[in-house]
Amino acid sequence: MRFNSKCQLLVLAGLLLIAIGPSLQTQLRNENNVKTATFLSPNFVLEPGSVINKFYYNIDFPKGHIAIKSFDAEVVDESRNPVPLHATYLHHWLVWRYYQRKVLGVSKYNGHLGFNQSDFIMVRNSGICEMDLPQYFGLGSETRKTVTYVPDPYGIEVGNPVEVPPGYDERWLLNVHAIDTRGSKDILGCTECRCDLYNVTKDEYNRDIEPNYIGGLRCCYDETRCRTREGFQGPKRSLYLKYTVKYVNWHAFIVPVKIYMLDVTDTWKKQESTGLVSRHHCQIEYEVESCSAAVANNGCIHTKKTSVTFPNGGDVIYAVAHQHPGGVGSTLLGEDGRVICSSHPIYGEGKQPGNEAGFIVGMSTCYPRPGSVKISEGETLTLLSNYSCDQRHTGVMGLFYILLAESSRKSSSILHSGDDMGDIVILHNAVWAIAGFGIAALVAATITYQRQREREEVCEWLLL
């Protein structure tokens, strides 16, 4: 009888493992089943010195309720070969999310229509720059060597049908700003959009450009042209932005993250005395003046700083800065002076795509151990953007992109497992641990009971 009881116990434990095993294994496969979709933008044509700044509505994008795990892009030619920055400088690419009325017959690709009409509803990121930097994804020349992967169990949630207003569809817009630098008289000047090299006195909205505006986005808009070397000839080329989206189907184990964009040019000021809320006005670009020759020989750094109050609290999951050539790094500090993230540029050293000398080809990223770097609701953060000022730089940027798992949406996971992206919370391991503990406890209790029964039987025999 004792032998049969132990066999029954082992059978019970095995059945329990069999019962929970398939569902957990299926869920794990689903979570790790990252899908990859690669698309091409509409072609754009460039010739030496020319500029495109195009807006493409309703671009190809994965459908359904999904979690975005990464978004990467690069410029390629008609043969799908990568194009180096010293031939075509990718000033930036941006991807915006929006809702469009279903009955609206708008062409798939067109100019920038704007969103000041009820047929289009912009779905902005969570802040902080409000109207100025609404994108979900976007990089510049650093796109090839900047890691964008969102670690498990986190993801950027899109395509949730509950969030889409009735009568609308979720769609995506792509903005590509590229400058053909073949034969440029001054490559750095062209990529920094110096107005004298573009020979413009009015911006794209026909507004006069002020004399003290030396260079920036107002001078290198769509269909402008940067000065090339006299006599230089080069063919027109059809190019594309190739973009790759990695994603998983949405499920209950995914922890959603919110996107926040910070800008060192933000003019927001805390109104402590009046209690009024100041609007964030992110100017996006600024100028770095050169220091004197004597100082430049010893190296000099220009630091721009701003402070903002963060609207929500949570765990920092990912962070990265965006800078232009001349940048030497950017740091985000908490209210107590702690470093939330420091992100530094990676400069190329050769000629091949992804390693072009003189260009920023990547930015270092921050992947804190989940729960180790927190931002509190209402906390004042300080953003520092550092540039070398051994020469003047125009149209530079100091942006910071953060993914935050907000406190109200924390995961219920209880165990951690590390990988090269940082410690990752794995709910499945927790469930397995709990199940294993339960089985072990059941086995131990039954064995103890059996031994107690044996002792009782021996006592009964002795009494007899």
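In what order do the four strands of the open sheet stand? In this predicted model, the order is E14-E22-E16-E17, and the pairing is antiparallel. Strands of a sheet pair through backbone hydrogen bonds, and this pairing can be either parallel or antiparallel. At the edges stand strand E14 (301-309) and strand E17 (339-343); each has a single partner strand, so one side of each is left without a neighbour in the sheet. On average, and with direction ignored, neighbouring strands of this sheet are turned by 15 degrees against each other.

Attention can now turn to the spaces in the model. Two cavities of 30 Å³ or more were counted, and the largest cavity has a volume of about 50 Å³. Its lining consists of Val-75, Val-83, Leu-85, Thr-88, Leu-90, Ser-141, Thr-143 and Arg-144. Sorted by class, these are four nonpolar, three polar and one charged residues.

The second largest pocket holds about 230 Å³ of space. Its lining is made up of 15 residues, and those nearest the centre are Arg-97, Tyr-136, Glu-157, Val-257 and Lys-258. Strand E5 (88-101), strand E8 (154-158) and strand E12 (258-263) are the elements that give two or more residues to this lining. By class, seven nonpolar, two polar and six charged residues line the second largest pocket.

Most residues other than glycine have a negative phi, and most peptide bonds are trans. Against this background, the peptide bond from Gly-127 to Ile-128 is cis, with omega near 10 degrees. Ile-128 belongs to the loop between strand E6 (120-123) and strand E7 (137-139). Also cis is the peptide bond from Asp-152 to Pro-153, where omega is near 5 degrees; Pro-153 sits in the loop between E7 and E8.

Cys-193 is found in the loop between helix H2 (187-191) and helix H3 (195-198), while Glu-223 is in the loop between H3 and strand E10 (237-249). With a relative accessible area of 1%, Cys-193 is buried, whereas Glu-223 is exposed, with a relative accessible area of 67%.

Terms used. Residues are numbered from 1 along each chain as its sequence is written. This is a predicted model: local features need pLDDT of at least 70, side-chain atom pairs count only at pLDDT 80 or more; totals for chains, interfaces and linings use all residues. Side-chain values use heavy atoms; hydrogens and water are left out. On a 1 Å grid over the protein atoms alone, a cavity is a set of points where a 1.4 Å probe fits but cannot get out, and a pocket is an open set with protein on both sides within 12 Å along at least five of seven lines; lining residues have an atom within 4 Å of a point. Grid points are joined across faces, edges and corners, and a volume is the space filled by probe spheres set on the points. Ala, Val, Leu, Ile, Met, Phe, Trp, Tyr, Cys and Pro count as nonpolar, Asp, Glu, Lys and Arg as charged, and the others, Gly among them, as polar. Two strands pair if DSSP finds at least two bridges between them. Axes are lines fitted to C-alpha atoms, for helices over the stretch in contact, and angles run from 0 to 180 degrees between N-to-C directions. Buried means under 20% relative accessible area, exposed over 50%, partly exposed in between (1.4 Å probe, protein chains only).
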